[in-house]
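Open the model in your viewer and get ready to select residues by number. Each stop below tells you what to pick and what to look for.

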Amino acid sequence: MEQMDLFSGILSNDAERDEYLELVKKLNHFAELYYAKDEPEISDFEYDSMNNRLKQIEKEHPDWIVPESPSVRVGWKAEKGVLVKHNVPMLSLQDVFSKDEVDEFVNSMIEEFGGEAEFLVETKIDGLSMALRYEEGELKLAVTRGDGITEGEDVTMNARQIPDVVLKMKDPVPYIEIRGEVYMTRKAFADVNAKAEEEGKKTFANPRNCAAGTLRQIDTRITKERGLSLFIFNVQETRGVTFDTHLEGYEYLKRNNVKVIENCFKCKTADEVWAAITKIGEMRGELEYDIDGAVVKLNNLSERSKLGNTIKFPRWAIAYKYPPEVKETRLIDIEVNTGRTGRVTPVAIFEPISLCGTMVSRATLHNQDFIDQMGLGIGDTILVYKSGEIIPKIKGVVAEKRQADWHLYKMPDSCPVCGHKLVRDEGGVDLKCVNLMCPGTLVNRIVNFVSRDCMDIKGFGTEYIRKLTEDGYIKDIADVFELRAKREELIEKKILGLERNTDKLFAAIDDAKRDTPADKVLAGLGIPGVGKATAKELIRTFSSIDAIEEAGKDDLLLVQDIGEISAEAIYNFFHDEGNKALLARLKELGLNFVREESEVQGTALTGLTFCITGTLDGMSRGDAEKLIESNGGKPVSSVSKKTSYLLMGADAGSKERKARELGVPIISLEELKDMITKG
């Protein structure tokens with residue numbers, strides 16, 4: 001019996017060890033998506049639950065801890081832009097999840113420093129950490145957290161676009177480094193996603209990831225227009241001025257118009273600290289931005305210095321994480337909507353409940369796979385929470401409350417707006433309506449059709465398109481080229497403005513019809529998986545849109561970068577009777593369906609791929625791409641092992657570093673021209 005118990009213990013130990021290693025692998029994967037790619041796959045609550053289990057195992061088996069464990073990682077290696085060494089480590093905070101843990105921390109500080117211990121409780125902003133360095137009062141450098149210990153990314157140019165970043169302090173000192181959180185208000189986030197949805201682009205999952213992606217933008221104009229905000233929460237390092245307490249540092253910053261954390265409570269006891277945490281928790285629904293907890297920290301800087309830091313956390317502060325508020329309700333119906341991109345999305349309609357201070361009754365169900373995983377059926381009792389305190393989400397189903405006649409919900413196979421058969425997109429998860437005349441997708445299809453990468457009809461803005469579709473002047477993309485017949489009526493109603501503005505737009509439409517090459521016409525059709533690059537490759541291979549229409553699936557698979565799903569989508573598009581009729585009409589209207597021979601000037605670069613970075617001397621990036629394509633080459637957007645050359649100009653970014661790491665040859669514009677000449 002004892003031998004059997006021992007054997008069972010060994011098996012149990014092995015299973016727990018396997019569980020631990022699997023947790024390390026998963027948590028590192030999720031951390032990379034969160035920190036390096038700004039594309040979270042799971043909620044903070046799910047991540048924290050897994051991380052707590054990992055910590056429990058490591059506490060019981062400290063000899064199991066591996067170097068790559070998240071417990072010894074501070075942030076994530078910075079991979080973009082120019083890297084900068086940290087003067088002061090940008091550490092993370094020890095997370096706690098209960099009142100007992102908060103009390104334990106506070107009482108240990110009181111035991112260490114007696115009645116002199118003073119605590120600050122602040123909102124923990126859900127954003128991206130950034131340090132700002134000032135010399136003689138002038139902003140010199142802004143850097144992200146990166147790995148938290150050695151280096152982060154230089155984001156100075158983008159930081160200068162944030163209204164809350166003070167560029168020149170009124171009361172300068174020789175040197176000061178401050179640390180804060182870059183974030184987005186809920187309104188700014190909603191505006192960015194609304195614009196992305198309108199333009200048919202990918203939307204952001206939450207404000208934190210939108211802020212992180214925006215701060216790392218190459219184009220500072222995008223950073224400026226997205227409306228980032230900043231709260232400062234710490235003075236990292238100073239020369240020429242000293243502070244005894246954290247609050248003294250705040251007062252100095254306020255005098256210099258620096259925006260510091262606005263909800264900060266001074267406390268002396270564990271009960272006062274918990275009361276402040278509770279108060280912040282109650283105000284979450286009223287704030288205009290997301291928070292993911294409350295920070296408890298010592299006010300006295302000398303006490304902080306005495307305690308110091310672990311390899312990952314300061315010993316003088318903790319972060320209390322609020323549990324997500326979850327409530328039961330009943331699923332009344334599932335509504336299926338066709339969005340402007342053609343994507344068909346199921347939406348849960350449930351009995352209204354109050355979450356984080358607001359009433360909610362709807363939540364997206366994403367796609368059929370999500371519904372299958374949840375096991376959702378009409379009438380189910382469901383658990384609902386708010387992701388990031390904003391977006392209602394379905395957490396699960398209370399299966400034991402199901403009715404006897406329950407059945408799993410299945411999405412329709414036809415568009416709820418036009419009745420057209422739905423197709424799966426490139427990723428094989430979402431369903432899309434590909435009917436070019438579907439009213440549910442019309443505005444966005446026209447926006448895409450007239451955009452710079454397609455027909456490039458200058459001055460044809462979204463508002464014009466919306467008015468023209470709402471009033472029935474545009475029912476499909478071909479109607480764009482027949483608007484001139486309604487000239488007098490449009491001028492009279494001032495839909496496109498006065499006479500001069502209306503004629504200017506008509507001239508732009510005529511120019512686009514005459515001058516737009518076949519590949520851009522093809523890109524404008526909105527075929528799933530066929531963007532700018534794929535359209536060029538298709539026209540390069542088949543020479544005309546008519547030839548693509550006649551191609552079989554096997555023929556399409558021979559085209560570079562086209563797989564099974566894309567080939568299926570292209571074939572189905574060209575064999576749909578409605579699309580065939582529209583294509584015939586576009587051809588009759590005079591759009592270019594055939595590749596012009598003048599587009600191909602030579603074959604010197606055939607089979608070669610080129611990535612472009614930096615500012616080229618005497619040539620725009622667009623013209624450089626045309627030069628490469630006209631000589632048989634292919635421009636690509638990123639550097640990989642398959643890239644033939646990196647074409648580099650002045651002020652090159654991270655692509656140069658990646659090219660050198662991968663051994664990709666780097667050439668100048670003159671060297672590219674020599675390659676073409678010597679052909």
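A residue counts as buried when its relative accessible area is under 20%, exposed when that area is over 50%, and partly exposed in between (1.4 Å probe, protein chains only). This is a predicted model, where local features need pLDDT of at least 70, side-chain atom pairs count only at pLDDT 80 or more, and totals for chains, interfaces and linings use all residues. Residues are numbered from 1 along each chain as its sequence is written, and side-chain values use heavy atoms, with hydrogens and water left out.

**Stop 1**

Select Asp 476. Its relative accessibility is 7%, so Asp 476 is buried. The term means a side-chain nitrogen of Lys or Arg within 4 Å of a carboxyl oxygen of Asp or Glu. Asp 476 sits in the loop between α13 (462-470) and α14 (487-493), while Arg 585 belongs to helix α21 (residues 577-589), so the bridge ties together parts 109 residues apart in sequence. Helices (H or I, at least four residues) and strands (E, at least two) are DSSP runs, numbered from the N terminus.

**Stop 2: two helices**

Go to Arg 487 and Glu 499. Their closest N and O atoms are 3.0 Å apart, in a salt bridge. Arg 487 is in helix α14 and Glu 499 in helix α15 (residues 499-515), so this pair links parts 12 residues apart in sequence. Which of the two is buried? Arg 487 is, at 18% relative accessibility. Glu 499 is partly exposed at 44%. Next, select Asp 476, Asp 479, Glu 482 and Arg 585 together: salt bridges with shared partners join them into one network.

**Stop 3: a partly exposed pair**

Pick Glu 138 and Lys 140. Their side chains meet in a salt bridge, 3.9 Å from N to O. Glu 138 is partly exposed at 37%, and so is Lys 140 at 44%. How many salt bridges does the whole structure hold? A search finds 45.

**Stop 4: helix α8**

Select residues 246-255, helix α8. Its buried residues are His 246, Gly 249, Tyr 250, Tyr 252 and Leu 253. Look down the axis of α8: these residues fall within an arc of 160 degrees, so they line one face of the helix. The arc is taken from the directions from the helix axis to the C-beta atoms. Finish at Asn 257, which follows α8 and has a positive phi, near 65 degrees.
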